[in-house]
Every structure is written in structure tokens, then in C-alpha cells.
Amino acid sequence: MACILALLAAHAQASPRHAVIDPLSPEQRRGFDAAKIETLPSWERHFPIQGRDYRYRILGAQPKSAATTAIPTLIVPIRVNVPDKAVVFDATPIVAHIVSSPLFSPTLAGLSLQFADAMLRAEFPAAPRDWHTLLMPQIGPTLDVTIKGHGVRVIPSASGKVFGFIRDSHAVNSAITRFLRDHPDPQRLTIFITYNSVEDFAYGYHSWAWADHTRRAALIYMYASWLEDVDDALRFPSPDAATLSHEIVETIHDPLLTSRTLRWGNRFEDNRCFTRLIEVADAIEDAPLGIVYARQTAFKDGRPFAYTVQNAALLPWFTRESPSRAAGGAYSFPDPRALHKPAPLDCVPRISP
């Protein structure tokens, strides 16, 4: 058992915990105009850093409006069947927990806001009171995926549950691609979720795909894992809503992978250069767990429950504003203590092995 856990931990450290999948080649990306694509409503803003122009695109309506944008959100649970080991990882029963979590329901701390909406309100505190971007959950059909042989490493947990390390990520991702192809709706956000199992290259990712061959409409989607009661198999507390919160706030702040800034460094890895994309949760994911995770209380099975969410960097961190124009001068959300100042203007290049 110890040997298996050591192998899992080593693999997890060597692989990204979250990912961004760009459907465009570098050449296609240079000619891509997000404003001309039929998809979920969004808006764009430019900002300068050291005389250079950058921009970000955010789902919803402009913060100067008093509009509430309701985004239809289809939650598709994935059932991973491992017949060779007589194990099934079925996300269907926990969809109710997802819907009642702070990601879709108000918290019990006096905030009548969803998690991502509250983050946007923190970034634009001067917006009209009626300005909101809300995810409206719909429950989709269960997506069955069968993986044979050594495609899933199954690890028992002291809770009696098991954790699945999906080495055959192609099986899951192919099923997601087929679902999007068979159910194209550019006016809907689609969330694919696994339960107590993760793909070997990422605990979650966000992306988009063309709705059809005309390449005029885009389907925005994400994959995330929901982990409960498998702490000893993971070697850290099972983060239930954390991965999904990570992907939701990143999708809202960069739906078509066009939100770009000056290259920034990983604050928690000696400021080593990371990316130019504005990926709000990636900026904190490598911090100690006490900084990565926050708790927000909502209902679960009709009772108050402290869900785990992930802290994320606010836009002023990426735009290098000092002081921050976010509420309370913060650079991170929901815990303003996670980041104390904006990203440095320079990062440390990674040294190739």
C-alpha cells in the first residue's frame, strides 16, 4: 500500500494538477477573433503594462451594466466502469452535492452570491448592485466510460471508498468529445465531472470546441474531479468542490483562451515563469494547502456543510495594479491573505534539463 501511494504521489508531482487545452494551433490562434464567434455572452477589456497593451475576456455582461446574465450550465456526471477490477466510479449521486455547493447556491455566511459571481463582484466593486453572472445548473445524462486492463489504478481508502487514478485519459476525453459533438449548444456551458477519480495529466481542465465544421460557434466546457473521503489515498484532504471551483473561475475569466497579460511567474515556486494566460486559479494552486484551499458553508443533504473551494488571484494581480482596485484592495479571493501584492513585472526563466 505504501509503495502504491508513493508511486501515485510521484506521478501527481510530475504531472500538472490542472490544465488548459487549446483547440487552436499557434497559426490559428493568431487569426482568431473571439468577438466574431457565436458562444456564451462575454465582454473584453484592454489594460496597459509598461506601455504594452493586453486584454481579458470575461463571461457575462459589462460591469457598467445593471444586467444579470444567466448562463445555462449542464452538469454531466461521468460513470467510470472498471470491469476487470469490479469497480465503478459514478458521479451521478453527487450531482445534488454540486448543485447545493457554493458554486451554484448561496453560502450561509450572509452572502447571497454564487462563488464565481462573488469573485466578479470583488473585482468590480463599483458595478451596479444588479450586475451578476449566474450559473443556472441543469442535470445532464450520465456519461458511461469503460476502461479495461491497467487503464485505472485503483487505491483503497480507510473510509471504505476507493480512489481511481485514470491512466487511460483518452477514454474519458474521447467520451467528452463525442458528447459535445452529439449535443452541440453554443449557448450553454457544459461541465463534465468524475467522482473519486482523476485523469493522470490533470485533476481538471477547461477548454472549448467548434460546434460544427463551419467554425462559427464555440462550445465552452470543462472537466473536473470531485473527491470525497479518500484523504489517505490522496495524501491530502479530499477537496470536494475545490477542483470544480478552480475550473469555473478560470473559464469565466478566460472562456476562449484569449485573456492574456505580461508573462507571470509562479508565486510559490520562486517566481518561475508560468504563462501569459490569465488563469486565475493556477496562480495559487502550488501554494501550501492552507493557502490553496478555503472553506465556504452551504447545504449538503439538507444540512450545513463546509465545502472546500480554491483561492484564486484577482484581476489586479495580473494587471499589476498597485494599489488594487478590487474590494478591500485585495489580490486574492475568497481569502485576501493568499496574495499580498501584484505579480512581479519579471519572472525567473525555467532552466531546461
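## Arg188 and its surroundings

In this predicted model, a polar atom of the Arg188 side chain lies 3.1 Å from the backbone oxygen of His183, a polar contact (a pair of N or O atoms within 3.5 Å; within protein, one must be able to donate a hydrogen and the other to accept it, and residues adjacent in sequence count only if both atoms are side-chain atoms). Arg188 belongs to the loop between helix 5 (169–182) and strand 10 (189–195). Helices (H or I, at least four residues) and strands (E, at least two) are DSSP runs, numbered from the N terminus.

## Salt bridges

The structure contains 13 salt bridges, each defined as a side-chain nitrogen of Lys or Arg within 4 Å of a carboxyl oxygen of Asp or Glu. One of them joins Asp22 to Arg29, with the closest N and O atoms 2.8 Å apart. Asp22 counts as partly exposed because its relative accessibility is 31%, whereas Arg29, at 13%, counts as buried. The terms refer to relative accessible area: buried is under 20%, exposed is over 50%, and partly exposed is in between (1.4 Å probe, protein chains only).

A salt bridge also forms between the side chains of Glu27 and Arg30, at 3.8 Å from N to O. Both residues are part of helix 2 (residues 26–30), where they are 3 residues apart, about one turn of the helix. Glu27 and Arg30 are both exposed.

## A link between two loops

Asp229 and Lys161 meet through their side chains in a salt bridge of 3.0 Å, N to O. Asp229 is in the loop between strand 13 (218–226) and helix 6 (231–234), and Lys161 is in the loop between strand 8 (152–156) and strand 9 (162–166), so the pair ties together parts that are 68 residues apart in sequence. Asp229 counts as partly exposed, with 42% relative accessibility, and Lys161 counts as partly exposed at 29%.

## The disulfide

How many disulfides does a search of the whole structure find? The search finds 1, a disulfide being a pair of cysteine sulfur atoms within 2.5 Å. The sulfur atoms of Cys273 and Cys347 are 2.0 Å apart in this disulfide. Cys273 is in strand 15 (residues 272–277) and Cys347 is in the segment after strand 19 (332–333); the pair links distant parts of the chain, 74 residues apart.

The link of Cys273 and Cys347 is right-handed, with 100° about the S-S bond. Cys273 is buried, its relative accessible area being 7%, and Cys347 is buried at 17%.

## Confidence and conventions

The protein averages a pLDDT of 92, and 94% of the residues score at least 70. This score is the predictor's confidence in each residue, from 0 to 100. Over residues 1–16 pLDDT stays under 50, and the model has 24 contacts beyond four places in sequence for these residues.

Residues are numbered from 1 along each chain as its sequence is written, and side-chain values use heavy atoms, without hydrogens and water. In this predicted model, local features need pLDDT of at least 70 and side-chain atom pairs count only at pLDDT 80 or more, while totals for chains, interfaces and linings use all residues.

Conventions:
Contact means heavy atoms within 4.5 Å.
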